[in-house]
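Reader: Could you take me through this model in questions and answers, with the cut-offs spelled out as each term comes up?

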Amino acid sequence: MKRKSKLFLFSLPFVIMVFVNELCRQKIDEIPYGGRGVEFMNPELWVHNKCSWACHNSSAFCEKHHIKYLRPVKQYIDPIYFGIIRFLKASPNYALANLLFLAILWPLLMWYLLVRCIEMRQTIKKLKA
C-alpha cells in the first residue's frame with residue numbers, strides 16, 4: 001500500500017470524528033452544563049427528548065427515554081459499554097484516559113485494522129492472479 005494512501009487512511013478517522021462532532025453541534029435552550037469557565041453543548045439537567053450530561057452521569061434515565069433503535073441489542077452492548085467506563089474510571093485521571101483511549105488509541109486501532117485488511121486483500125488478489 002502506498003505511503004500517501006496510508007497517510008490518508010491514518011487521518012480519516014480523526015477528520016471524520018471532528019467533522020461529525022462539529023456537524024452535530026447544537027444550540028441549546030436549557031441550562032448548559034459547565035465547569036472551569038467552559039460551557040458544554042449539552043444541557044445539565046434531565047431532558048426527555050435528547051441526551052444531556054445527566055445521561056452521562058447516570059445511564060438509567062437515558063436508557064429509558066432515549067434508546068430507540070438499539071433496544072434489541074442493548075443486552076450485547078451494555079457489557080462492552082460499562083466495561084469501557086469501568087476501565088476508564090480505574091485510571092487515576094478519568095478525563096485524560098477518556099481522551100487517550102477514545103479519541104486517540106481507538107481511532108488508531110481502527111486505522112491499523114483497516115490498513116491490514118486492505119493489504120491482505122491486495123495480497124490475496126496478487127496470489128489469485
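**Fold and helices**

Author: The secondary structure of the protein amounts to five helices and two strands, where helices (H or I, at least four residues) and strands (E, at least two) are DSSP runs numbered from the N terminus. This is a predicted model, in which local features need pLDDT of at least 70 and side-chain atom pairs count only at pLDDT 80 or more, while totals for chains, interfaces and linings use all residues. Residues are numbered from 1 along each chain as its sequence is written, and side-chain values use heavy atoms, with hydrogens and water left out.

Reader: Which pattern does the protein follow when read along the sequence?

Author: The helices and strands counted above are five and two. Read along the sequence, they give the pattern α-β-β-α-α-α-α.

Reader: How far apart are the end C-alpha atoms of helix α5, and what span should its 35 residues have?

Author: The expected span of a helix is 1.5 Å times one less than its number of residues. Helix α5 covers residues 94-128, so its 35 residues should span 51 Å, and this agrees with end C-alpha atoms that are 49 Å apart.

Reader: Where in α5 does the kink of about 35 degrees lie?

Author: The bend at a residue is the angle between axes fitted to the seven residues ending there and the seven starting there. In α5 the kink of about 35 degrees comes shortly before the proline P107, and its place is L105.

Reader: Against which helices do the buried residues of α5 pack?

Author: Buried means under 20% relative accessible area, exposed over 50% and partly exposed in between (1.4 Å probe, protein chains only). In α5 the buried residues are A97, F101, P107, W111, V115 and E119. Taking contact as heavy atoms within 4.5 Å, the buried residues of α5 pack against α1 (3-23) and α4 (74-89).

Reader: At which residue does α1 bend, and which proline follows within four residues?

Author: The 21 residues of α1 should span 30 Å at 1.5 Å a residue, which agrees with end C-alpha atoms 30 Å apart. The bend in α1 is about 30 degrees and is found at L12, with the proline that follows within four residues being P13.

Reader: How many aromatic pairs are there, and which residues do ring pairs link into a cluster?

Author: Rings of Phe, Tyr and Trp (its six-membered ring) pair if their centres lie within 6.5 Å, with planes under 30 degrees apart counted as stacked, over 60 as edge-to-face and the rest as tilted; by this rule the count is three aromatic pairs. F87 and F101 form an edge-to-face pair because their ring centres are 5.4 Å apart and their planes stand at 65 degrees. F101 and W106 are tilted, since their ring centres lie 6.1 Å apart with planes at 55 degrees. The cluster linked by ring pairs is therefore F87, F101 and W106.

Reader: Is D78 buried or exposed, and which side chain does a polar contact of 2.6 Å join to that of D78?

Author: D78 lies in helix α4 and, at 17% relative accessibility, counts as buried. A polar contact is a pair of N or O atoms within 3.5 Å; within protein, one must be able to donate a hydrogen and the other to accept it, and residues adjacent in sequence count only if both atoms are side-chain atoms. The side chain joined to that of D78 by the polar contact of 2.6 Å belongs to K74.
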